[in-house]
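Thanks for making time this morning.

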Amino acid sequence: MPKHVRIAELKPTQMTLGMYFVSLNLDGFQELSKKRFKKLVERKVVPAVRGPDKHYWMIDRHHFCRSLYERGETSANVKKVLDCSHLGEKEFAHVMEKSGLIHPYNEAGDRLGFSDLPTKISELTDDPYRTLAGLVREHGGYRKEKRPYAEFLWADFYRERVDRHLLTGNFSDAVQLAVDLAGSNEASHLPGWK
C-alpha cells in the first residue's frame, strides 16, 4: 500500500540525472490545475526499498522526485517493493548492489562506492549524457526497458562517441547523431536496441 514519505528523507540509488527532464516536468506541472497536479502526484508512485535505517531508497522516479523537490513539494507517494530493514548496513549495500538496484556512477561515468551515493534527492548532479539518452529514446532510437538504469548504459555508450561540446552547443545535432548511433551494430548489446 503506497504511503506519503517526506522527499527530504528519500534516499537516491543513483548519483546523477538529466536536469533537462526535471525542467520539463516543472514546466508540465505549471500547466496543471491544483486538482490535476494532486492526482498526478498520487498516481506516480515511487518504488522503494526499505533499508536498515528505516529510510526508503528510491529505485525509480528520481527525476519526478527531484521535480517535486524543486517545486517545493514536501512528500511523494511511495510503495515499498522490498523490505531489507532487518539487514545491517554492509549486508544491505551488498544486496542492493548484487540485485542491480543501485547505480553508483558519477557524471563522468566513473564507478564509485555505495557510501558515495547522495543522501538526498537535492544532491544528485546533472549528467548531460543521461539527458541525451532520454531524448534519443523519445525520438525512437531505442525502446523503453523495465530494467533499472538502462538509460545510463546508453549514456555511457554516448559518453564514448558524442563529443561533450555538442551537448553545450546545438543539442539537436547531438540528438540526431545519437539517434543514428542507436541504430548501429555498435549499440546492439544495449537494452532496448531496435
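For the residue classes, Ala, Val, Leu, Ile, Met, Phe, Trp, Tyr, Cys and Pro count as nonpolar, Asp, Glu, Lys and Arg as charged, and the others, Gly among them, as polar. What you see is a predicted model, in which local features need pLDDT of at least 70 and side-chain atom pairs count only at pLDDT 80 or more, while totals for chains, interfaces and linings use all residues. Residues are numbered from 1 along each chain as its sequence is written, and side-chain values use heavy atoms, with hydrogens and water left out.

A pocket here is an open set of points on a 1 Å grid over the protein atoms alone, where a 1.4 Å probe fits, with protein on both sides within 12 Å along at least five of seven lines, and its lining residues have an atom within 4 Å of a point. The largest pocket holds about 870 Å³ of space, and of its 30 lining residues, Asp60, Arg61, His63, Arg130 and Lys144 are the closest to its centre. By class, that lining has 13 nonpolar, six polar and 11 charged residues. The second largest pocket holds about 230 Å³, with Glu97, Arg111, Arg147 and Asp156 among the residues that line it, and its lining has six nonpolar, two polar and four charged residues.

Turning to the cysteines, the structure holds zero disulfides, a disulfide being a pair of cysteine sulfur atoms within 2.5 Å. Cys65 is in none, and the nearest cysteine sulfur, that of Cys84, is 19 Å away. Cys65 is buried (under 20% relative accessible area, with a 1.4 Å probe and protein chains only), at a value of 0%, and Cys84, at 4%, counts as buried too.

Notes
Points joined across faces, edges and corners; volume = space filled by probe spheres on them. Buried < 20%, exposed > 50% of the residue type's maximum accessible area, 1.4 Å probe, protein only.
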